[in-house]
Amino acid sequence: MIKNIIFDMGGVLLDYDPPRFIDHLGVSPEDKALLLQEVFNSVEWFQLDHGTIEEKDAADAMKARLPARLHGAADQMLSWWELEVLPVEGMAELLAELKGLGYGLYLLSNASVRQPEYFDRLPSAQYLDGRFVSAFYKLLKPQYVIYETMLREFGLRAEECFFVDDSTANVEGAYCVGLSGAVFNGDVDRLRRALCAAGVPVRVGQT
C-alpha cells in the first residue's frame with residue numbers, strides 16, 4: 001500500500017526552463033545556444049548537482065569556454081532563480097490534497113547546495129515532510145544508491161513509496177530499488193490518474 005509520495009523538483013514542482021531563463025538576458029540566438037551548451041549542459045552543471053565541485057571553480061571552467069562578453073551572463077545563469085521561480089500549475093493543489101489525505105510527501109532532487117535559497121518560494125514547499133537534495137549527499141539520480149539512501153534517511157519502505165519525476169531514467173532507477181512511480185510530462189490530471197491506479201484516491205478531472 002502506498003503511504004508516501006516522493007517528488008522531483010525541476011519539471012515537476014518547479015517550472016525549470018533554461019532557455020527561458022536565458023531569454024531574460026536578451027542575448028542573441030547564437031549566444032543563447034552557447035550558454036545552453038557551456039553552462040546548463042556542461043559537466044560542471046552536473047558536478048554542482050553532484051556536490052563534487054565548488055561554484056567558483058565551475059564558473060571559471062564554464063567561462064574559459066565562453067567569449068568574454070558572456071562571462072557575466074554565465075554568472076547570472078548560475079543563480080537563475082534570482083530571475084524567476086515559477087511553480088508547475090496544479091502541483092501545489094495536488095500536494096495539498098495528498099497532505100489532507102494523510103500521505104507523507106517528500107522531495108528527491110538533483111540540485112546544488114544552493115537549492116534551499118529558492119525552494120521555499122514554491123507554494124508546494126509547505127506540504128513536504130522532508131527534502132533530499134543530491135549535492136548534500138554527493139549522489140545523483142538515477143544512481144540506485146540515492147534512492148536507497150533517501151529511504152534510510154527518512155525511514156521509508158520502498159514498497160510504500162510512489163516516485164514522480166520528469167525523467168524516464170530517474171523513474172526507472174527508482175523501480176530498480178522497489179519503488180513504484182510515474183513519469184510526469186506536465187499533465188497533472190494524467191499524474192492524478194496514475195496515482196489513482198496505484199491506489200492513491202486523489203480526485204481526477206479537476207485540472
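**A parallel sheet, its helices and a pocket**

Strands β4 and β5 run parallel and are joined by four bridges; strands here are DSSP runs of type E with at least two residues, helices are runs of H or I with at least four, and both are numbered from the N terminus. Within this pairing, Val164 has Ala182 of β5 as its bridge partner. The model is a predicted one, in which local features need pLDDT of at least 70 and side-chain atom pairs count only at pLDDT 80 or more, while totals for chains, interfaces and linings use all residues. Residues are numbered from 1 along each chain as its sequence is written, and side-chain values use heavy atoms, with hydrogens and water left out.

Four bridges link β1 in the parallel sense to β2 (residues 104-109), with Leu105 as the bridge partner of Ile5. Four bridges also link β1 in the parallel sense to β4 (residues 161-165), where Cys161 is the bridge partner of Asn4. In a regular strand, side chains alternate between the two faces of the sheet. Both faces of β1 are covered, with Asn4 and Ile6 buried on one side and Ile5 and Phe7 buried on the other. Buried means under 20% relative accessible area, exposed over 50%, and partly exposed in between, using a 1.4 Å probe and protein chains only.

In helix α8 (residues 144-154), the buried residues include Ile146, Tyr147 and Met150. The buried residues of α8 pack against β1, β2, β3, α7 (134-137), β4 and α9. Just after α8, Gly155 takes a positive phi of about 65 degrees.

Ser109 sits in strand β2 and counts as buried because its relative accessible area is 1%. Beyond its neighbours within four places in sequence, Ser109 is in contact (heavy atoms within 4.5 Å) with residues including Asp8, Phe132 and Lys141. Leu122 lies in the loop between β2 and β3 and is buried because its relative accessibility is 3%. Leu122 and Leu13 are 109 residues apart in sequence, yet their C-alpha atoms are 7.8 Å apart in space.

Finally, the largest pocket has a volume of about 590 Å³. A pocket is an open set of points on a 1 Å grid over the protein atoms alone, where a 1.4 Å probe fits, with protein on both sides within 12 Å along at least five of seven lines; lining residues have an atom within 4 Å of a point. Of the 28 lining residues, Tyr16, Trp45, Asp49, Asn110 and Ala111 are the closest to the centre of the largest pocket. Helix α3 (residues 43-50) gives the largest share of the lining, four residues.

Conventions: Points joined across faces, edges and corners; volume = space filled by probe spheres on them. Pairing = 2+ DSSP bridges.
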